[in-house]
Amino acid sequence: QKALHHLQHPLALIPNLSLGGISPDDPSVQQVLNHVDGVLNEAGFTNFGDGYLNDGDWLQAIQFIEAVQQQDKPFYIINQFPSVSRAQIQWALASYLMAKEHASALYISTVQGYGGSSFYSEYDAQIGSPNGPMYEAQGVYLRQYGNGLSLVNPSATYNYTVTLDSQHHYIDLYGHSIGQTLTLAPESGMVLLTNSK
């Protein structure tokens with residue numbers, strides 16, 4: 001890192017770093033973070049395209065993204081899928097929004113589908129800024145935004161039905177109206193936009 005910073009045209013050191021089951025609070029993780037300028041995580045919420053992170057592994061990934069940004073360092077997360085569907089985009093985007101602050105970026109692609117444009121219309125969602133941190137309720141994780149709500153069920157086994165705030169009318173990112181209850185299947189996420197009644 002020091003050598004890169006002292007080049008005539010300084011460069012940043014941003015490793016491709018996944019925790020692999022190590023806690024974000026582990027001293028070895030902090031030692032690494034002290035000597036990098038940001039983190040790229042190619043494993044994403046999809047374990048390099050081999051399946052979704054779930055339960056404690058998912059929560060640990062969120063904590064890691066938060067920990068890096070709390071040090072004013074950027075976090076870049078890649079989510080790879082064998083093929084990209086709306087449900088998969090929702091999983092990656094909703095999970096990302098749980099930990100997004102002002103120093104993060106999301107990339108979604110097919111497995112090793114790098115080098116081309118992978119823009120999805122869902123990226124244009126005008127959800128606003130977060131109203132606070134992620135929280136757990138009704139069996140799932142939620143995060144309120146100024147113009148919407150992100151929900152994730154990281155459980156590998158359980159469905160959860162969530163009762164939404166009756167003060168808002170919710171639509172999904174495809175313009176479909178959402179009622180006052182919503183069932184999230186295992187390893188699923190949704191991003192909703194709101195309009196006050």
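Buried here means under 20% relative accessible area, exposed means over 50%, and partly exposed is in between (1.4 Å probe, protein chains only). This is a predicted model, where local features need pLDDT of at least 70 and side-chain atom pairs count only at pLDDT 80 or more, while totals for chains, interfaces and linings use all residues. Residues are numbered from 1 along each chain as its sequence is written, and side-chain values use heavy atoms, with hydrogens and water left out.

Start by selecting residues 86-99, which is helix α4. Helices are DSSP runs of H or I with at least four residues, strands are E runs of at least two, and both are numbered from the N terminus. Of the 14 residues in α4, 12 are buried, so the rest of the structure largely encloses it. Among the buried ones are Q88, W91, Y96 and A99.

Next, aromatic pairs: rings of Phe, Tyr and Trp (its six-membered ring) pair if their centres lie within 6.5 Å, and planes under 30 degrees apart are stacked, over 60 edge-to-face, the rest tilted. The count comes to eight aromatic pairs. Pick Y52 and W91: they are stacked, 4.8 Å centre to centre with 5° between the planes. Y52 sits in the loop between β1 (39-41) and α3 (55-70) and W91 in α4, so the pair ties together parts 39 residues apart in sequence. W91 is buried at 0% relative accessibility, whereas Y52 is partly exposed at 22%.

Key: The expected span of a helix is 1.5 Å times one less than its number of residues.
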